[in-house]
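Me: I would like to learn how to read a few local features in a structure, taking them one at a time.

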Amino acid sequence: MRIDIITALPKILQGPFDQSILKIANDKGLVEVHIHDLREYANNKHNSIDDYAYGGGAGMVLTIEPIDLCISKLKSERDYDEVIYMTPDGEKLNQNISNGLSLVENIIILCGHYKGVDERVREQFITREISIGDYVLSGGELAAAVLADSIIRLIPGVLNDETSALTDSFQDNLLAPPVYSRPAKYKGWKVPDVLLSGHEKNIETWRFEKSLERTRLRRPDLLDGNDAEK
Ligand code: 6GU
């Protein structure tokens, strides 16, 4: 899979992709993430990529030309399944969306900034608009990193234990059960006996019950329309 991220602030995005699972995925050749600095597509004296909004008002708007040049260049090199714009007024990200996107070949992610992008960019180039939640960030970069992380970790082979992405919270509309590690007793605080029993069936049942209990308590909304309790 290939992910091209277009941003006015490339430095914000360097860190996340140089670390942890995202780096492993890249090193294994399972994903290629390319970060594009919008300023390199500014075809003017001052390298400017933003301008005042027509009609007035506070805040700068990312202009259409550099974005057009960058997206058009990428599209001339390969086909893209989606051109995604990160914006707080987009569709709210969930596990379903990430699952779907982990199956495609090539995506472009455009990060919004300042007051947003010229509306014609959204009309002409964008196939999908995604938000990561009901709060406002100062730019789409962190949101793009969140989206890319949630997609990349689902690509087969990225995680060591291939089943572990399947047992994540949300993957079956249930929150994950509690986990414990050594020591079995710490300052008198004990790990539940069943987990030390070696009895696989009982452990599985215990985990499922804990998942259900935790979901009922914390996120009853997830159980609406869920088969788990029927
Ligand atoms: Cl995608 N962008 C910005 N700027 N703020 C957000 C967001 C995106 N998702 C939630 N808040």
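Me: Is tryptophan 189 buried or exposed?

Reply: A residue counts as buried under 20% relative accessible area, as exposed over 50%, and as partly exposed in between, with a 1.4 Å probe and protein chains only. Tryptophan 189 is exposed, because its relative accessible area is 59%, while tyrosine 186 is partly exposed at 44%. This is a predicted model, in which local features need pLDDT of at least 70 and side-chain atom pairs count only at pLDDT 80 or more, whereas totals for chains, interfaces and linings use all residues. Residues are numbered from 1 along each chain as its sequence is written, and side-chain values use heavy atoms, leaving out hydrogens and water.

Me: How is a pair of aromatic rings described?

Reply: It is described by the distance of the centres and the angle of the planes. Rings of Phe, Tyr and Trp (its six-membered ring) pair if their centres lie within 6.5 Å, and planes under 30 degrees apart count as stacked, over 60 as edge-to-face and the rest as tilted. The count here comes to one aromatic pair. The rings of tyrosine 186 and tryptophan 189 have centres 5.9 Å apart and planes at 50°, so the pair is tilted.

Me: Which polar backbone atoms have a nitrogen atom of the ligand at 2.9 Å, 2.5 Å and 3.0 Å?

Reply: A polar contact is a pair of N or O atoms within 3.5 Å. A ligand nitrogen is 2.9 Å from a polar backbone atom of isoleucine 132, one is 2.5 Å from that of tyrosine 135, and one is 3.0 Å from that of leucine 137.

Note on methods:
Polar contact = N/O pair within 3.5 Å; in protein donor to acceptor, adjacent residues only side chain to side chain.
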